[in-house]
Amino acid sequence: MQSYLIRRLLESALILLGITLVTFILLYLVPADPARQIAGRSATVETVQNIRDQLGLNDPFFAQYWRYLTSLLQGDMGRSYLQRAEVSELIASRLPASLLLMVAAIATELMMGLTIGIVAALRRNRPADHGLMIFSFVSISAPQFVIGILLLYVFAVQLGWFPIGGYGSFAHVVLPAVTLGFLGAGWYSRMMRSSMIDVLGQDFVRTAQAKGLGRARIILRHVIPNAILPIIAMIGIDIGLFMSGIVVVESVFGWPGIGQLAWQAIQRVDIPVIMGVTMVSATAIVLGNLLADLVAPMIDPRIKTK
Amino acid sequence: MSATRTSDTRLPPRAGRTAGVIRALLSRPRSAFGLAVIVLMVGAALFAPWIMPHDPFEQSFDGLSMVGAPLPPGGEFPLGTDLLGRDLFSRLILGTRTSLIIGVLANGIAILLGAGVGIAAGYFGGWVAAILMRFTDLMMAFPALLLAIVLAAIFQPSLLIVALVIAMVNWVQMARVIYTETRSLAERDFIQVQRALGAGHLRILLRHLLPHLLSSIVVFGTLGISTTVLLEATLSFLGVGVQPPTPSWGNIIFENQTYFSTAPWLVFFPGAAIVLLALAFNLVGDALRDILDPTLKGRH
């Protein structure tokens, strides 16, 4: 286990190193000139050149990359080109909002997904099962911006139950969390359904029935806890989905998180910020996958850690 | 693919198999519905010029109300008009083309790339596999949408570029599936025998490996179109995908979103079109997985 952990940690570090390189190359290729963005339209060519010199944008590619990497390892993500702040401060100020949204979205998708999966499995091949599975297919086929705008239209504009957007109270978090959780609910309901069906077919369930335990007791005490464990282990993998989702959902709902920060930075070619958010997201994804890999063998000892 | 799991390395005649699969798809209500939607959408895309009641680019004066607001559905404009007085129904029909062209193109590139990487890594193993699969892991850890947006920002988005960007993000899943399958196939006797007999790599790959991988490629290829359609819609909604005036379901919503509270049909209909097409490919792909992979039979 220990050597497995060390190997996986090393692999994760290498993946993150690779991501810094790939992202840096991509952003290096972006045709828009950040110096021109900073200087403004009316600036002279000399001013732009000076800014390029100051930012080190005239240095060869590998010199720039090396400088970025060495400061990143010291915890310095650089300064935003357009906002007078360190990238790490910008991200730190936006992270709590995104984390709050993420926790709320995970709670939503688990509540929706697990309930649907359990009900569908218990009503297997009956109308309720078919209906719920069609719902789960629809939820994985719906783009998040469409769900978000429709929820806003029905529950904020028409019914007035929730604010149209923004941040601050519990009411603000409901619609974005449901929007983000909707996609995951579809996946979880399908996985939970087949996990339930697996467990329902196992010997210990038959033993419990033979012992004369009531159906409700068997399902609540024996089937659901066993079926839920492998599903819970997958939460770590979800983080990748969330990191893509928050860019869209935060922009639809005006939620001040790192997704909105990334989107604003991309529109204004604020390269250090784009780089910073990409690295934070990638780190979250890598850690999530690592967590999932480490939790899985604890839950199911049949999975070997090689 | 039950025949392939036994020692026989050749598959039954292709035409009969395809017909059988289509019959199986039609016998299940969900996939029959999906297939019907796909046929309908492909028809709409092919015959768009004859179906569209109006010119989708014409900013008609009749298409706006007295105060210059878009018209609600009904009457001359069956699904209403957009902010510029253009017929929404005609734009949606033409948007079907955009979605399908990008869906097929992007997914085709993703399949070629993903299957190519997966087969190469699985068949050759060793350092080829090490390099290719490490790179695949790296791509898996990339926040997909951020990557796509950055790529779209680097190049001026045209249909081809949007398709390429989506393919660059979407090939990874296919590569991992095909890698795992190829690796287990490559160790099997019938491949080892071919190697021992001195058959060339290309011959083994095309004649003996590829036929066995076909069902996975078909399943994940079908499911992949759904992912592609959704990603295209999202990029276009953010304004970095298909550029107006070329209509795409995503950019129709992008152009009109500020008015969604007064003109909800401008979000509702294109949104429904996206969901319907993505749903159709998901339903068909899921059924194909059941039909083509006998190991999953009876689990659902």
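Chain B exposes about 13400 Å² of surface, and carbon and sulfur atoms supply 67% of that area. Keep in mind as you look around that this is a predicted model. Of the 300 residues in chain B, 51% count as buried.

**Chain B as a whole**

- Along its principal axes, the C-alpha trace of chain B spans about 80 × 45 × 30 Å.
- Take the contacts in chain B between residues at least 6 apart in sequence: 71% of them join residues at least 24 apart.

**An enclosed helix in chain B**

- How many of the 11 residues of helix H6 of chain B are buried? The count is nine, so this helix, residues 144-154, is largely enclosed by the rest of the structure.
- The buried residues of H6(B) include the leucines B:Leu145, B:Leu146, B:Leu147 and B:Leu151.
- Also buried in H6(B) are B:Ala148, B:Ile149, B:Val150, B:Ala152 and B:Ile154.
- An α-helix has 3.6 residues a turn, so residues three or four places apart point the same way.

**A serine in chain A**

- Now find A:Ser136, which sits in helix H6 of chain A, residues 127-141.
- Is A:Ser136 buried or exposed? A:Ser136 counts as buried because its relative accessibility is 0%, and the cut-off for buried is under 20%.
- Which residues does A:Ser136 touch, leaving aside its neighbours within four places in sequence? Its contacts are A:Gly186, A:Ser189 and A:Arg190.

**The second largest pocket**

- Rolling a probe the size of a water molecule over the atoms shows where empty space is left.
- The second largest pocket holds about 820 Å³ of space.
- Its lining is made up of 30 residues, and those nearest the centre of the pocket are A:Leu55, A:Leu57, A:Tyr81, A:Ile271 and A:Pro272.
- Several helices of chain A each supply at least two residues of this lining: helix H1 (2-29), helix H2 (34-39), helix H3 (45-55), helix H4 (61-73) and helix H13 (271-299).
- Which helix gives the most to the lining of the second largest pocket? That is H4(A), with four residues.

Notes. Residues are numbered from 1 along each chain as its sequence is written. Chains are lettered from A and ligands numbered from 1 in the order in which they are written. This is a predicted model: local features need pLDDT of at least 70, side-chain atom pairs count only at pLDDT 80 or more; totals for chains, interfaces and linings use all residues. Side-chain values use heavy atoms; hydrogens and water are left out. Buried means under 20% relative accessible area, exposed over 50%, partly exposed in between (1.4 Å probe, protein chains only). Contact means heavy atoms within 4.5 Å. Accessible areas come from the Shrake-Rupley method with a 1.4 Å probe; for residues, only the protein chains shown count as cover. On a 1 Å grid over the protein atoms alone, a cavity is a set of points where a 1.4 Å probe fits but cannot get out, and a pocket is an open set with protein on both sides within 12 Å along at least five of seven lines; lining residues have an atom within 4 Å of a point. Grid points are joined across faces, edges and corners, and a volume is the space filled by probe spheres set on the points.
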